[in-house]
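Visitor: Could we go through this structure together, starting with the strands and then turning to individual side chains?

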Amino acid sequence: TNVEIMEHGSPFPSVFSHHQKFVVVDRMSCVLGGVDWGVQRWDTKEHPLFDPDSMTHPGVDYIGEPAPSSWYADPKMRTQDTVNRLEVPRMGWQDICVCVWRAAASDCADNFMQRWNHAR
């Protein structure tokens, strides 16, 4: 594949937008919206409250609390539960995003490059 993930280095610039989230592919398609693409934000359309067997939401992905700092240091921690799944319901999660194509996707790529270059 020709997909690259780019991250801005630290320290973070003083001007940035946490909620301007999008993915552009070859300036031809773009998904954008308020979606948090990370742990504890994925959900199914059924929004199950309980997942006792860790079949849908493994480890820290089950509960809507911030992931423990140890999760970032050791990704194996992701599979360990932080609560009792039989007693604590999961917080359902729903968010909205949109997919645009062609000229609109190219505009999103331009926006990304302008913000990236400004922050450098």
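**Sheet, salt bridges and cysteines**

Guide: In this predicted model, 3 strands make up an open sheet, ordered β1-β2-β3, with antiparallel pairing.

Visitor: Which strands are at the edge?

Guide: The edge strands are β1, residues 21-25, and β3, residues 97-101; each of them pairs on one side only.

Visitor: By how many degrees are neighbouring strands turned against each other?

Guide: On average, neighbouring strands of this sheet are turned by 15° against each other, with direction ignored.

Visitor: And over how many bridges do β2 and β3 pair?

Guide: Strand β2, which covers residues 29-33, pairs with β3 in the antiparallel sense over 5 bridges.

Visitor: What holds paired strands together in general?

Guide: Strands of a sheet pair through backbone hydrogen bonds, in either a parallel or an antiparallel arrangement.

Visitor: Stepping back, what pattern does the chain follow along the sequence?

Guide: The pattern of the protein chain, read along the sequence, is β-β-α-β-α. In total the protein chain has 2 helices and 3 strands.

Visitor: How much of the chain is buried?

Guide: Of the 120 residues in the protein chain, 21% are buried. The protein chain exposes about 8900 Å², and carbon and sulfur atoms supply 58% of that area.

Visitor: What share of the contacts comes from residues 24 or more positions apart?

Guide: Among contacts in the protein chain with a separation of 6 or more, 62% are between residues 24 or more positions apart.

Visitor: New topic: how many salt bridges are there in the whole structure?

Guide: A search of the whole structure finds 2 salt bridges. One of them joins R27 and D110, whose closest N and O atoms are 2.5 Å apart. This pair links distant parts of the chain, since R27 lies in the loop between β1 and β2 while D110 belongs to helix α2 (residues 103-119), 83 residues apart.

Visitor: Is R27 buried or partly exposed?

Guide: R27 is partly exposed, its relative accessible area being 32%. D110 also counts as partly exposed, at 29% relative accessibility.

Visitor: Which side chains meet in a salt bridge at 3.6 Å?

Guide: Those are the side chains of R85 and D51, with 3.6 Å from N to O. Here too the pair links distant parts of the chain: R85 is in the loop between α1 (69-73) and β3, and D51 is in the loop between β2 and α1, 34 residues apart.

Visitor: Is R85 buried or exposed?

Guide: R85 counts as buried, because its relative accessibility is 4% and the cut-off for buried is under 20%. D51 is likewise buried, with a relative accessible area of 6%.

Visitor: Now the cysteines. How many disulfides does the structure hold?

Guide: The structure holds 0 disulfides. C97 is in no disulfide, and the nearest cysteine sulfur, that of C99, is 8.2 Å away. C97 counts as partly exposed, at 43% relative accessibility.

Visitor: What about C108, and which cysteine sulfur is nearest to it?

Guide: C108 is in no disulfide either; the nearest cysteine sulfur is that of C30, 3.6 Å away. C108 is buried, with a relative accessible area of 14%.

Notes
Residues numbered from 1 in each chain as written. Predicted model: local features only at pLDDT ≥ 70, side-chain atom pairs only at ≥ 80, totals over all residues. Heavy atoms only, no water. Pairing = 2+ DSSP bridges. Helix = DSSP H or I, 4+ residues; strand = E, 2+ residues; numbered from the N terminus. Axes fitted to C-alpha atoms, helices over the stretch in contact; angles between N-to-C directions. Buried < 20%, exposed > 50% of the residue type's maximum accessible area, 1.4 Å probe, protein only. Contact = heavy atoms within 4.5 Å. Areas by Shrake-Rupley, 256 points an atom, 1.4 Å probe, with all protein chains shown as cover. Salt bridge = Lys/Arg side-chain N within 4 Å of Asp/Glu carboxyl O. Disulfide = S-S within 2.5 Å.
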